Each structure stands twice: as structure tokens, then as C-alpha cells.
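I opened my notebook to look around a structure that was new to me. Here is what I looked up, entry by entry.

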Amino acid sequence: MKRWIIPILIILLGGLTGCTQSTTVNSTSDSKGVMAKRQTLDLATETPLTTLDTDKMAQFGRLNNTIEGLYQTNRDGQAQLALARRVKVNAAKTTYTFTLWKDSYWSNGDLITAQNFVYAWRRALNPRTKAPDADLFRGIKNARQILAGQLPANQLGVRAQGRFKLIVQLDHPMAELPQRLAYPLFGPQNQRIAKKFGKKYATKPEYQVYAGPFMVSSHGDTRQHWHMVPNPHYWDRQHVYLTRINVNVYHSQARAWRDYQSGKLDEVRLLTKTNIKAYEHKDSYTARPYSRMILLTYRRNGANAKINQLLTQSRARLAISHAINRKQLGQATYGSASLPAQGIVPAGLSRGVRGTADFAASQPHQATLKYQPKLAQRDWQAALKQAGLTHVTLSLSYLDAINSHSLAKHLKQQLTKILPGLTIKLKSREWGFHSAPLTGDLNLATQRAQYADPLSMLSLYTSTSTANTGHWQNFDYDDLVAQASNAPSFNNRRWKTLLKADGILMQHQGVTPLFQPASTYLINPHLNGVQFNTVGTQSNFKEAYFVK
């Protein structure tokens, strides 16, 4: 089969489009003359393989290489058609008709059909599935009502017309729809296989099939190891060069470091400032500024009414924001490659195509995030007085993960040093979906942009978003996000609307962004052709290969 790369055509009314940055390691892929004989990639992970069900994954990690949907993200960070060969959009931009390739197959040889997408999307919205990122379906017809429990999932605005036509109906125009659909959650699922295995479906590699360039092998899977091999029925199999990707679970960073140095791993994470400084000028060093933001959220409905009265005040939240030295905090915990927040939207997520500034740099009211200790003290004392307090003890919740305890400890030191009458108690929490209830008065969290548009971050803090666990509300903000969400194209008006919404969020510190961390690694310098994205899913190994 021959396929040509078909870019998605977007009508640019005002000359602006959402985009993101992606980087590659020596991106030339068809260099078979210099390829090494052994094409096995060895990677590390912190967590064992617990599910292969795309609807139940909070993060896709390495498994994004087993998934492909209507679109995929290309090397320029843009959405390009993948399992769909073409798309037609009606004049109102509320109906997308996708024509699928007639010769795309699952890893078991089954044909990939439009019904596979209908089944997957309805299943993701089914309350019994509890897909953690189900909010991404908002905007598709009836998704909002389905999420609210007012309609059954089979009322979602998606249907198959024959085997190879998929019709998607929207509640309103969505300029960012192609970027959303490149996210793995929107990939297909094989209904026949799901029904065949029932409750066993996707619990082990032998109970799942795959549409992407790789599939998880059903042999040798343990809680400490799993691996992927090329999908024999993948449509572009000729450009998949790796013969195996081993993923090993490491509970010890020291052991991972030793295995990298001895050649048993092709990639190792650099976590300490000492290691980063020692290796940052080596050819094997790379820093990946993924589109995520580490931030602070506030519980306003806890058991203590006085604390609620304190944290409900935007003045108190602004005081906390001004008491934080973001540059120092990021460097002390994630290294020098981390970027202080300029707003809720991370750097590199979206920019104009005509050389206009990155959205992050254009965000208004960046002064609300500046380190201003004297202003912080004045606002804090005024907020304490308003709540009838002279001193207060707040709990600071953090995830039990790499760097999190250090971040919580440094943040505690900064806040208690600047803000009079404040005591902070640290409280670790277990892994959970982003919609889990807040466990502390202050809560450290990481929020990722799942598609390349400012809306992917701003929409999380509307009144009805399940990701808005702090229950911050502002109806002007909700209205602006709705306007941007309903916009038919990426134009100047939409851009300004998004900036205005960001400004309201920062003026009120509905959440307090801290910094954008960059993951730092040492990578085998012989590994070429990897596509490292800054949004959605991070590492695409489809065209990766080792040179001699």
C-alpha cells in the first residue's frame, strides 16, 4: 500500500493557528546503510504495566507507540491525518466526515473500521469505564450531557456510515478539534476483541490488539518487565526499524544509572543538580521541556471554616503567589532547565504562524507571579485579619513521586519565611486521577496539556470542569473560555479572548502556576529518529533506529 502524508488544512481567518514544538534526534530515518545490526531499545520506567486499556490510562507513556487514531502528531507538532485518508467539514464547521483507509489492520489482522471509533468513544464516556480524560470529549454533540449523567453514551455525536466513513457532530465549532483527536484517547478499540475477552479485556497483552506501529508482546511479561515488538499488520511497517523495545521497571535510580553506564539501558533520567551540571554539555544530554505546569491548588471547602474563609480570598492566594521565588524553586528541585511560569499556559504550546509571540510570553498579568515579598506580607496580613486570624496552620499535599517531596519542602521553606503567622504541615498522597478530591489546604499538582492549544489548559478551570478540584468560579472566565471554544477558526479575536481569560485566572489566582519542568536525560548517542513531542505523548519511536 502507498500512502502519502496528508496535512490537515485549516482555514486561517486571522493568520493564527495553535501549534507546538517537537524535537528530534537526527531525524533522518531511511539510513539503512548506516544502521546497526542490533535494533533493540532498552528503556526504564518507574511503574509496572497495570492496564492496556486506553480508556483507563491516566498517562500513556511508552504505550502511545501502540496506538494510532484519525490524526497523529507530526515532527512539526501539527495534527496530520493518520488512519483517516481525508476529512470533509461542513460550512457551519459542526460536522466532520472522515473517510478511513480501507486497508488498515489491527495487530491480529482484523480490519480497522469506523465502528471501532464509535465503540471506543462511547465506551470512554460510559460511567462504568471512568476514563480519567473523558472531559476531552466536551464539544462533541451530547458529550456534556453524557458526562453529567443526563444522557446515555450511545447518544454521543459520532456514527459510522458503512465500514469506512465516520461522522462526528459537534455542539459548536471547535477550531482545535484536529489537535484534540491526535491524543491517544481518541484512538479506536476493537469491539470484537473487547466482547470476546469481557472482563479480561486489556488486562494482559494477550487480551488486547493494537493499531499503532508497535504491539505489546504476550511473551515474557512480568511486573518488572514488558516489551513491544513491531505490529506485523501496521500500514507503514516498512518504516518501523526497531525490532524490540524493552521496558524495565526500576525502583532504584542508582540501579538505573549503573545499567545505563554499563550499556544495559539506552536512556536514563538525570534527577540531581549535580548530575545535570556534570553532563549538560555532553552529546548524550538532552532536556525536554514538555508542555506541563507544576502548580498549587487551593481547597476552599475543608472542615475548618476559618481556613476556608482565608483561602477563599484572592488576596490570600496572591500573597502566596508573591511569596514564591519560582526561579529558585524550580532550579532547586528540577534543575536549571525548568522555566518559571508566566501564566497557566506552558511555553512552546501555542504560537501564531506569522512570527507572533508564543502564547505563554504574551500572557497578561504576569506580575501576579513575580516574587514580591513585601507585597506578599501586606496582602497576607490583610487576609488573615479579614478571616479573623493572627496565625494559621495549613496542610500542603504532594504526590508520592520523584522530586515531589523536595519541591514540597522547598515551597514550605519559602512560604513560611515570607508570610507571617503561617505554619505548614507536609502531607504525602498516593497516585490518583486528576479529578480526585483535594487532600490538603494547599495541593501541589502537575497539569499536562493534552493538545496544542491554550484552551487545553484554560478549559480545565471552568466551573464545570472535573479537573477544577479547587472549585474556583468566575462567570466572566467561563464565558470567555466558552467563546474561544465555540470559535470556528484560529483568528485574532479568539487569540485575544484566550489571553483575556488567562488574565482573569491569574488576577484571582484561581490556581497558582509555579514552573514548567524540563525532564533531563542521557540518551545513547547512537539512537536516531526519535520524535520527542512537547504536547500529548512524549516519545514516538516509530522511525527510530540505531546507527553503527
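This is a predicted model: local features need pLDDT of at least 70, side-chain atom pairs count only at pLDDT 80 or more; totals for chains, interfaces and linings use all residues.

Entry 1: Residues are numbered from 1 along each chain as its sequence is written, and side-chain values use heavy atoms, with hydrogens and water left out.

I found Lys 102 in the loop between β6 (95-100) and α1 (114-125); helices (H or I, at least four residues) and strands (E, at least two) are DSSP runs, numbered from the N terminus. Leaving aside neighbours within four places in sequence, Lys 102 is in contact with Leu 111 and Phe 164, where contact means heavy atoms within 4.5 Å.

**Entry 2: the sheet.** I traced an open sheet of four strands, in the order β5-β6-β8-β7, with antiparallel pairing; two strands pair if DSSP finds at least two bridges between them. The edge strands, each pairing on one side only, are β5 (84-89) and β7 (158-160). I also saw that β7 and β8 (residues 165-169) pair over three bridges, and that the bridge partner of Val 158 in β8 is Val 168. Helix α1 packs on this sheet and touches β6, β7 and β8.

**Entry 3: aromatic rings.** How many aromatic pairs are there? I got twelve, with rings of Phe, Tyr and Trp (its six-membered ring) pairing if their centres lie within 6.5 Å; planes under 30 degrees apart count as stacked, over 60 as edge-to-face and the rest as tilted. Tyr 96 and Phe 98 are stacked, because their ring centres are 6.2 Å apart and their planes at 20°. Tyr 96 is buried at 9% relative accessible area, and Phe 98 is buried at 0%. Ring pairs link Tyr 71, Tyr 96 and Phe 98 into a cluster.

I then turned to Phe 359 and Trp 495, an edge-to-face pair with 5.3 Å centre to centre and 80° between the planes. Phe 359 lies in α10 (residues 359-362) and Trp 495 in α15 (residues 492-508), so this pair ties together parts that are 136 residues apart in sequence. Phe 359 is buried at 0% relative accessibility, and Trp 495 is buried at 11%.

Notes:
Axes are lines fitted to C-alpha atoms, for helices over the stretch in contact, and angles run from 0 to 180 degrees between N-to-C directions. Buried means under 20% relative accessible area, exposed over 50%, partly exposed in between (1.4 Å probe, protein chains only).
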